[in-house]
Amino acid sequence: MGILSGFTRPRYVRRTPVMDNLTMDAVAAGDPLAADLVKRAREKRARRRMGTLEERLAFSLALSFVAVATTIAVVLPAGRAFSPTAAVLAVVAYALATRVKFEVGDGFAAPSQLVLVPMLFALPPRDVPLLVAAGFVVSQFARRTRRPSRTPIDIANAWYSIGPAVVLALAGPSAPGWTSAPLYAGAFAAQFGVDFLTTSTWSRIAYGVRVRDHLRSMRETALVDAALSPVGLVVAIAAVGRPWGPLVVLPLIGLFQVFARERRGRLDHAIELSQAYRGTALLLGEMIEADDEYTGSHSRDVVELVLSVADRLALEPRIRQQAEFAALLHDVGKVKIPPEIINKPAALDADEWALMRTHTVLGEEMLCQVGGLLGEIGHVVRSSHERWDGAGYPDGLAGEQIPVAARIVSACDAWSAMTTDRPYRKRLSREEAALELRVCSGSQFDPRVVDALLAVLDA
């Protein structure tokens with residue numbers, strides 16, 4: 001469970017830390033959403049460089065780890081004899097395990113727990129943290145593209161091993177067995193606690209992530225390690241007294257490597273599919289712009305606002321993606337509205353408004369015909385002109401009945417419309433438009449969405 005392995009910035013600004021072993025979105029390969037998350041993560045990793053603050057923080061965490069791990073190795077009882085052969089083999093096995101990375105959402109999952117657990121029983125627990133750090137460093141320098149600047153972060157990655165090492169060292173020497181399950185549960189809890197303390201410190205200082213949000217993002221990490229720990233314990237029980245014990249898991253790690261490569265291949269294809277969906281949405285947007293230049297550019301402006309508000313509200317990735325596509329396509333039904341109504345230089349009369357209001361239903365029908373991901377957002381497009389108080393159209397939905405993505409699109413669409421010149425009126429100032437949003441909060445718009453939108457605009 002490396003803690004700081006990814007130096008990509010958070011996908012959700014001020015909200016979510018991105019780290020190599022943080023499995024923040026457990027989504028299936030081949031899902032366009034999963035592909036979209038992985039694609040953004042790949043792009044960020046390709047261009048990301050550590051800033052000065054991050055470099056200093058990484059160095060501080062690495063230095064403090066070395067100090068604590070060394071103190072533990074000197075002060076705590078050994079419990080069992082140190083075997084240089086076992087130590088070398090364990091470092092090699094750990095280095096190989098950390099090289100197996102499953103791309104999941106914005107981060108990676110690595111089966112390092114399979115090696116850590118046998119290490120804690122094949123060697124003096126007090127020495128394991130330093131060996132884990134060595135494994136991270138060896139893994140980095142064994143790569144074709146070596147990055148010496150990452151060495152502090154590789155060392156800091158080993159912080160999580162301090163917890164179980166201390167618990168088992170203080171408990172005294174004993175052969176691994178299921179009768180000691182409560183002790184092992186305590187060691188795992190210590191592992192998670194130390195990991196949380198160090199990673200939350202990192203994400204809070206480096207990215208401004210709230211501790212509560214960081215704790216939520218670590219749930220998947222704990223689940224992955226909890227699932228692999230019993231397997232590691234089985235290996236430890238089977239390899240008692242054998243220095244090569246940690247190597248027993250290498251065939252399983254090799255199998256994971258095959259699965260990881262296959263997953264990457266599926267994700268590559270899924271990314272192409274995701275791009276096709278986005279290309280289709282952009283093509284439909286171009287169709288809108290061909291008949292109405294205002295609507296086309298307006299929709300693209302709304303997309304940026306919608307994504308920022310969705311990030312502010314920390315929406316789950318699928319809802320965020322629905323909001324993104326709905327923001328681009330919420331006016332797609334207007335291609336079936338007569339141009340003389342769309343571009344009328346004056347206010348519409350009652351009959352014209354009645355016809356105009358059918359564009360959300362027409363948009364839903366068009367998207368359902370396309371199917372796939374775009375078909376899934378048809379209901380969001382249909383509801384993009386509903387009102388919080390139930391006075392909207394076409395279905396008169398109210399409050400939480402309205403999809404949250406539609407509520408966000410509605411508020412952002414209104415802001416963009418108010419601050420843009422229209423054929424029949426001039427734009428409002430930002431102050432006037434903000435006041436109008438506040439006035440309509442709780443009637444036309446979801447109050448929570450309005451608060452998030454105004455916060456984004458003031459940022």
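The model is predicted, so a few ground rules apply: local features need pLDDT of at least 70, side-chain atom pairs count only at pLDDT 80 or more, and totals for chains, interfaces and linings use all residues. Residues are numbered from 1 along each chain as its sequence is written, and side-chain values use heavy atoms, with hydrogens and water left out.

**Cavities**

A cavity here is a set of points, on a 1 Å grid over the protein atoms alone, where a 1.4 Å probe fits but cannot get out, and lining residues have an atom within 4 Å of a point. Grid points are joined across faces, edges and corners, and a volume is the space filled by probe spheres set on the points. Counted this way, there are 7 cavities of 30 Å³ or more.

| Cavity | Volume | Lining residues by class |
|---|---|---|
| Largest cavity | About 110 Å³ | 10 nonpolar, 3 polar, 1 charged |
| Second largest cavity | About 60 Å³ | 4 nonpolar, 3 polar, 4 charged |

In the largest cavity, 14 residues form the lining, and R80, P125, L168, G172 and P173 are the closest to its centre. Helices are DSSP runs (H or I, at least four residues), numbered from the N terminus. Both helix 4 (113-122) and helix 7 (162-171) supply at least two lining residues of the largest cavity, and helix 7 gives the most, with 3 residues.

The lining of the second largest cavity includes W388, I402, A406 and F445, along with the charged E386, R387, R407 and D446.

**A histidine in a loop**

H330 sits in the loop between helix 13 (317-329) and helix 14 (339-342). Is H330 buried or exposed? With a relative accessible area of 1%, H330 is buried (under 20%; exposed is over 50%, and partly exposed lies in between, with a 1.4 Å probe and protein chains only).

One joins it to the side chain of D331 at 3.2 Å, and another to the side chain of D413, at 3.2 Å.

**Cysteines**

How many disulfides are there? The count is 0, taking a disulfide as a pair of cysteine sulfur atoms within 2.5 Å. C368 is partly exposed at 47% relative accessibility, whereas C412 is buried at 0%.

Technical notes: 1 Å grid on protein atoms, 1.4 Å probe; cavity = no way out; pocket = protein on both sides within 12 Å on 5 of 7 lines; lining within 4 Å. Polar contact = N/O pair within 3.5 Å; in protein donor to acceptor, adjacent residues only side chain to side chain.
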